[in-house]
Amino acid sequence: MLSNSKYSLLKTLHYLSLDVVVGAVVCSWMFWKMPDGKGVVNIPSLVILGICTWIIYILDRLLDNLKSEPEDARHKFHDEYQYYLQITIIILFLIAALMVFFLPKAVVYFGVTLIGVLFLYFYILQKNNISSDYQYFKEIFTAAIYCVCVSGGALSTKLELEADEFIAAFNFFLLVHQSILVFSFFELNDLPNTKNLAKKLGKKNCTYLIFGVFVFTMTSLFFAEIGFMEKVFQVEILMAFCTTLIFVFRNKIAVNDNYRWLGEMVFWLPLLLLIWT
């Protein structure tokens, strides 16, 4: 059993979405290593990715709290410490701005384009009313932006992309949406009146899609070349399998919101590539 102080620290790190940040950096590292496992990883890019991911998640919850009263523990945490979180955003932004000078040109161009997309995203998020159908699909947009941030920087530096790299990126896109669906499903069980993707799609469709992602990732293994990319596809299959298990055993995993940190740690699994390669 964890002591209360250690448990409290881990819970705080989870509320701060640092488990998400670690997952984003680890998955991006995987894309940098493609296609042969010998790709040169640009460390400043990974650091800025981690910073930007953290800023986006903090901002997203702070904006949610402006629209409605916080309901879950994570939003309540952000509401209680919003002043310190706003200071944190400023500090993180300054660090990221300094590190931009160490980025490859391709990543800078990609980043500038992405910033424009993010400003548009937050503008739409701020303008849409809480009663709008947009709230149902907010998870899709968030997941899509996350996917682009994680994979886009690495892939933008490559002069030529192989077909299996595109498939691996698409698998990752599906994995993120599979995770979002599972989270959305749990959230709906906890808060039946909430407006989210699981409520819009219904339990039956959610189940089909969650299992469908697992089946698709398994099928995509046939398109992988032997070597590093084959291992990448195997890791993605394992990620889909773990997320599916979280959904299947949801009644047991729902206790103390265990599904949240378990679901986020699925995106740490690319670390296995350090052992397999």
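Let's start with charge: the protein chain carries 21 positive and 22 negative charges, and their mean positions are 4 Å apart. Here Lys and Arg count as positive and Asp and Glu as negative, while His and the chain ends are not counted. Each charge is placed at NZ of Lys, CZ of Arg, CG of Asp or CD of Glu.

Keep in mind that this is a predicted model, where local features need pLDDT of at least 70 and side-chain atom pairs count only at pLDDT 80 or more, though totals for chains, interfaces and linings use all residues. Residues are numbered from 1 along each chain as its sequence is written, and side-chain values use heavy atoms, leaving out hydrogens and water.

Now for the fold. The protein chain has 14 helices and 0 strands (DSSP runs: H or I of at least four residues for helices, E of at least two for strands, numbered from the N terminus). Buried residues, meaning those under 20% relative accessible area with a 1.4 Å probe and protein chains only, make up 47% of the 277 residues.

What sits inside? The largest nonpolar core has 57 residues, and Phe-31, Met-34 and Tyr-146 are among those touching the most other members. Such a core is a set of buried Ala, Val, Leu, Ile, Met, Phe, Trp, Tyr and Cys residues joined through side-chain atoms within 4.5 Å. Helix H8 gives the most to this core, with 13 residues. Apart from it lies another core of 13 residues, including Tyr-15 and Phe-77.

Back to Met-34: leaving aside residues up to four places away in sequence, Met-34 touches Gly-39, Lys-158 and Val-232, among others, with contact meaning heavy atoms within 4.5 Å.

How values were computed. Buried < 20%, exposed > 50% of the residue type's maximum accessible area, 1.4 Å probe, protein only.
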